[in-house]
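Student: I would like to learn how to read a few features of a protein model. Can we take them one at a time?

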Amino acid sequence: MSQKKQNGESHHQLPLFEFDEDNLEKVRQHRPSAGEQESEFSKFVVYVDESGDHSLKSIDQTYPIFVLAFCIFHKRHYSEVIVPALQKFKFNHFGHDQVVLHENEIRRRKGLFNRFRNADHQNAFLKELTQIIEFSNFVLISATIDKRALGKQNVEDNAYHIALGICMETLHQFLREKGEHTKKTHVVVECRGNQEDKELELEFRRICDGNNRLNQPLPFEILFADKKVMSSGLQLADLVARPIGLMTLRPDQPNRTFDTLKYKFYCEGGRDCTGAGYEGYGMQIFPYPKSEKPR
């Protein structure tokens, strides 16, 4: 066997998706079968990650915002398409799947992400990761907190808790449109520390009990996942929060990841209007601009 062929096989051991280029539309349009049984649980699961520091007492002027991102997946699409694609991606580039994809480490080329053989290998890695995001059918909801404006009002506020309320209310609206708003929907977050987790769980349950702008109970349940858990959903959520923040801070700067993400945002008009009508809807900024009233 030629050296060239060996190298090609070592890099492309497994296809990202079980479809050829002519059938990638099957990935985009992957839907559950019509014969699913009714369940007490929602058909959707939510994975959450953040970018930035939630404290208002100290503000980093180079990144003075906090972003919370909700990635909403249909459970069957998630388990049958997204999880296998990420597993194959890891096998292709690392030879094993015991790798946690962290945006910060990838961007800074730290740890396992400083092992690319050459620029072509690195570019292939980033291109395939972007392809997974692009062809994954998930709905994105985010809340960006401008700490500079908020800190002047009350430094004791918690940017995470404010963003959480905004995202949970928007999530309820999305689930209502899907007819899943009365069922239990699990919201998965990564553990951050014992005290922070207790405070977050308390705020989450307070919002679910009706302390929200909707003035109604929300049937959500929070799950805390250890950082060592190989959750495909949490890893994808980790990749989206910072690009949203950078788009808010520097909208004129090239942002290839956000160019892909804007078609994921929950927006007015539904699936046929993706890529437009998401600002102030699926992607919200707080404090709200004077020209924009909260929904």
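Student: Where is Lys 228 placed?

Tutor: Helices (H or I, at least four residues) and strands (E, at least two) are DSSP runs, numbered from the N terminus. Lys 228 sits in the loop between strand S5 (220-225) and helix H9 (232-249). This is a predicted model, where local features need pLDDT of at least 70, side-chain atom pairs count only at pLDDT 80 or more, and totals for chains, interfaces and linings use all residues. Residues are numbered from 1 along each chain as its sequence is written, and side-chain values use heavy atoms, with hydrogens and water left out.

Student: Is Lys 228 buried or exposed?

Tutor: Buried means under 20% relative accessible area, exposed over 50%, and partly exposed in between (1.4 Å probe, protein chains only). Lys 228 counts as exposed because its relative accessibility is 73%. Lys 228 and Cys 191 are 37 residues apart in sequence, with 9.8 Å between their C-alpha atoms.

Student: How many cavities of 30 Å³ or more does a search of the whole structure find?

Tutor: On a 1 Å grid over the protein atoms alone, a cavity is a set of points where a 1.4 Å probe fits but cannot get out; lining residues have an atom within 4 Å of a point. Grid points are joined across faces, edges and corners, and a volume is the space filled by probe spheres set on the points. The search finds one cavity of 30 Å³ or more. The largest cavity holds about 90 Å³ of space.

Student: Which element gives the most to the lining of the largest cavity?

Tutor: H9 does, with three residues. The lining includes Leu 234, Gln 235 and Asp 238.

Student: What span should helix H3 have?

Tutor: The expected span of a helix is 1.5 Å times one less than its number of residues. H3 (residues 75-94) has 20 residues and should therefore span 28 Å; its end C-alpha atoms are 27 Å apart, which agrees. The bend at a residue is the angle between axes fitted to the seven residues ending there and the seven starting there. In H3 a kink of about 30° lies at Ile 82, shortly before the proline Pro 84. After H3 comes Gly 95, with a positive phi near 85°.

Student: Which residues of H3 are buried?

Tutor: An α-helix has 3.6 residues a turn, so residues three or four places apart point the same way. Among the buried residues of H3 are Tyr 78, Val 81, Ile 82, Ala 85 and Phe 89.

Methods:
On a 1 Å grid over the protein atoms alone, a cavity is a set of points where a 1.4 Å probe fits but cannot get out, and a pocket is an open set with protein on both sides within 12 Å along at least five of seven lines; lining residues have an atom within 4 Å of a point.
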